[in-house]
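Dear colleague,

I am passing on the structure we spoke about, with the sequence alongside. Please have it open while you read the notes that follow.

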Amino acid sequence: MLDIKSYFQKFLKIQAADLETKENISAVIKKIAGVQIEHKNISLQDGLLRINASPAQRQQIFLYKSKILSELTNIRDIR
């Protein structure tokens, strides 16, 4: 019989990988644009990066959009 713990382990692994990806994205944005974005304000779906931030932070990120996209190879656009 399938153990519940082993069933939920795969979801924990997916969640950990997602958190690690968002932290890496946040680190790249901070390094290039100088803007600190928390991982909870980042969403990633089908290569599209959506950032929930203030207009000033978003403008700073869009100024460095091409450099950020060159660092993040699996991202095709930032919105």
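I begin at the surface, where Ile 4, Tyr 7, Phe 8 and Phe 11 form a nonpolar patch whose members together have about 400 Å² of accessible area. Please keep in mind throughout that this is a predicted model. Tyr 7, one of the patch residues, is found in helix H1, and it counts as partly exposed because its relative accessibility is 35%, which lies between the 20% and 50% cut-offs.

As for confidence, the mean pLDDT of the protein is 87, and 90% of its residues reach 70 or more. Confidence is lowest in H1, at a mean of 81, and highest in helix H2, residues 55-63, at 94, and I would ask you to read the remarks on H1 with that in mind.

On the overall arrangement, the protein has three helices and three strands, and from the N terminus on these elements follow the order α-β-β-α-α-β. Among the contacts between residues at least 6 apart in sequence, 46% join residues that are at least 24 apart. The protein exposes about 5,800 Å², of which carbon and sulfur atoms supply 52%, while buried residues make up 27% of its 79 residues.

Which residues does Ile 37 contact, once its neighbours within four places in sequence are left aside? They are Ser 26, Ile 29, Ile 42, Ile 51, Ala 53, Gln 57 and Ile 61. Ser 26 lies in helix H1 and is buried, because its relative accessible area of 8% is under the 20% cut-off. Not counting residues up to four places away in sequence, Ser 26 touches Gln 36 and Ile 42 as well as Ile 37.

With best wishes

Note on methods
Residues numbered from 1 in each chain as written. Predicted model: local features only at pLDDT ≥ 70, side-chain atom pairs only at ≥ 80, totals over all residues. Heavy atoms only, no water. Contact = heavy atoms within 4.5 Å. Patch = residues over 30% accessible without salt bridge, like charges linked within 9 Å, V, L, I, M, F, W, Y side chains within 5 Å. Areas by Shrake-Rupley, 256 points an atom, 1.4 Å probe, with all protein chains shown as cover. Salt bridge = Lys/Arg side-chain N within 4 Å of Asp/Glu carboxyl O. Helix = DSSP H or I, 4+ residues; strand = E, 2+ residues; numbered from the N terminus. Buried < 20%, exposed > 50% of the residue type's maximum accessible area, 1.4 Å probe, protein only. pLDDT = per-residue confidence, 0-100.
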